[in-house]
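Okay, everyone, thanks for coming. Let me put the structure up and then walk you through it piece by piece.

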Amino acid sequence: MIYGFYGAQTADVPPVNEKYKSIKNPRELYDLLLKIWSAQTCAPRMRDNWKNSHPTYGQCSITAFLAQDIFGGEVYGILREGGNYHCYNVIGNCVFDLTSEQFGNEKLNYENNPLQSRKVHFSKEEKKLRYEYLKSKLDELLTQ
């Protein structure tokens, strides 16, 4: 399969969390998330525009923090118009963005962006609940 997310070709980091040892790399996580992402996991302000044909839309922060749970590393954010951050993962020299396809052909700058805090992002109750829901759906999928 050819993956369209940023960093897919070099996203070869193994899981650091024993619970998720069956997910061999971020590409395998992406495949699983394609079955889980939904309007319910999309950011509320973007939900009206979410489509099955555009599954990564509005999923960035909860996805990046879930990937961090599995593969370790850090979550960084690209400041977007309107003051929100688009989140992605950095593990050593590996940079990947499982939700970059939502921006189409727009080139994002993955250098010199600020570290993102789980505490800050999850201070928004709705975002924390969406993250927990996404994680529970992944756990459910892995036990099937």
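Contact, by the way, means heavy atoms within 4.5 Å, and helices (H or I, at least four residues) and strands (E, at least two) are DSSP runs numbered from the N terminus. This is a predicted model, so to speak of local features we need pLDDT of at least 70, and side-chain atom pairs count only at pLDDT 80 or more, while totals for chains, interfaces and linings use all residues. Residues are numbered from 1 along each chain as its sequence is written, and side-chain values use heavy atoms, with hydrogens and water left out.

Strand 1 pairs with strand 2, residues 85-91, over six antiparallel bridges, and Val75 is opposite Asn89 in strand 2.

Now the packing. A nonpolar core is a set of buried Ala, Val, Leu, Ile, Met, Phe, Trp, Tyr and Cys residues joined through side-chain atoms within 4.5 Å; buried means under 20% relative accessible area, exposed over 50%, and partly exposed in between, with a 1.4 Å probe and protein chains only. The largest core has 32 residues, and Leu29, Phe71, Phe96 and Leu138 touch the most other members. Which element gives the largest share of this core? That's helix 2, with eight residues. Leu138 touches Tyr20, Ile23, Leu29, Leu32, Ile36, Leu66 and Ile70, leaving aside residues up to four places away in sequence. There's also a second, separate core of six residues, including Val90 and Phe103.

On to aromatics. Rings of Phe, Tyr and Trp (its six-membered ring) pair if their centres lie within 6.5 Å; planes under 30 degrees apart are stacked, over 60 edge-to-face, and the rest tilted. We get ten aromatic pairs. Take Tyr3 and Tyr30: the ring centres are 5.8 Å apart and the planes are at 80°, so that's edge-to-face. The pair links distant parts of the chain, with Tyr3 in the segment before helix 1 (26-33) and Tyr30 in helix 1, 27 residues apart. Both tyrosines, Tyr3 and Tyr30, are buried, and together with Phe5 and Trp37 they form one aromatic cluster.

Last bit: salt bridges, meaning a side-chain nitrogen of Lys or Arg within 4 Å of a carboxyl oxygen of Asp or Glu. That rule gives nine. Asp12 and Arg27 meet at 2.4 Å, N to O. Asp12 is partly exposed at 49% relative accessible area, whereas Arg27 is buried at 17%. Arg130 bridges to Glu126, with the closest N and O atoms 2.7 Å apart. Those two, Arg130 and Glu126, are four residues apart in helix 4, about one helical turn. Arg130 is buried at 6% relative accessibility, and Glu126 is partly exposed at 32%.

Terms used: Two strands pair if DSSP finds at least two bridges between them.
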